[in-house]
Amino acid sequence: MRRRKAKQHIILPDPKFKDIQVTKFVNNLMLAGKKSTAFSIFYDAIGIVGEKSGEETNGLDVFRKALVNITPGVEVKSRRVGGATYQIPTPVRDSRKDSMAMKWLIGYARKRNEKTMSEKLAAEILAASKEEGAAYKKKEDTHRMAEANKAFSHFRF
């Protein structure tokens with residue numbers, strides 16, 4: 001490649017749990033630069049998850065389990081070969097896996113019907129940790145699409 005590699009941004013851990021993954025999630029959750037609002041939504045959601053999941057687990061462990069459950073392993077990319085477009089299954093690199101899982105979780109939480117965003121996020125986190133819900137279904141659909149197009153994997157670029 002001609003251009004130099006992009007410099008990695010340093011992401012500081014969040015103030016409550018001291019976790020970098022939480023900060024990345026909150027950065028995806030944030031709208032219009034309102035980071036403190038995004039943090040309060042996330043912390044409220046984790047509190048709700050902790051209450052609903054029971055005394056033996058804390059909300060952050062359920063959140064991590066939910067992210068692991070909805071993290072995709074493969075995705076399909078379009079590739080044009082000889083006038084036809086093929087959906088080619090390709091493995092996903094680690095940083096993109098995390099990003100896709102977080103964006104799916106937030107996107108499907110926003111579409112839910114609960115009253116506040118923290119309740120929506122908590123409900124989607126609980127559903128994903130139990131391997132159900134819209135974000136988990138999106139992962140399953142992605143894997144199913146890759147499995148169906150496995151025959152075109154020799155076109156991989």
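## Burial and overall size

A residue is called buried when its relative accessible area is under 20%, exposed when over 50%, and partly exposed in between (1.4 Å probe, protein chains only). By that rule, 36% of the 157 residues in the protein chain are buried.

This is a predicted model, where local features need pLDDT of at least 70, side-chain atom pairs count only at pLDDT 80 or more, and totals for chains, interfaces and linings use all residues. Residues are numbered from 1 along each chain as its sequence is written, and side-chain values use heavy atoms, with hydrogens and water left out.

The C-alpha trace spans about 55 × 40 × 30 Å along its principal axes.

## Fold order

The protein chain has six helices and two strands. Here helices (H or I, at least four residues) and strands (E, at least two) are DSSP runs, numbered from the N terminus. From that end, the order is α-α-α-β-β-α-α-α.

## Where H2 meets H5

Helix H2 covers residues 35-53, and helix H5 covers residues 117-129. Their axes (lines fitted to C-alpha atoms over the stretch in contact, with angles from 0 to 180 degrees between N-to-C directions) come within 8 Å and cross at roughly 50°. The two helices are therefore oblique to each other. Oblique is what remains after roughly parallel (under 35 degrees), roughly antiparallel (over 145) and roughly perpendicular (65 to 115).

Contact means heavy atoms within 4.5 Å. On H2, the contact residues include Ile-41, Phe-42, Ala-45 and Ile-48. On H5, Met-117, Leu-121, Ala-122 and Ile-125 are among them.
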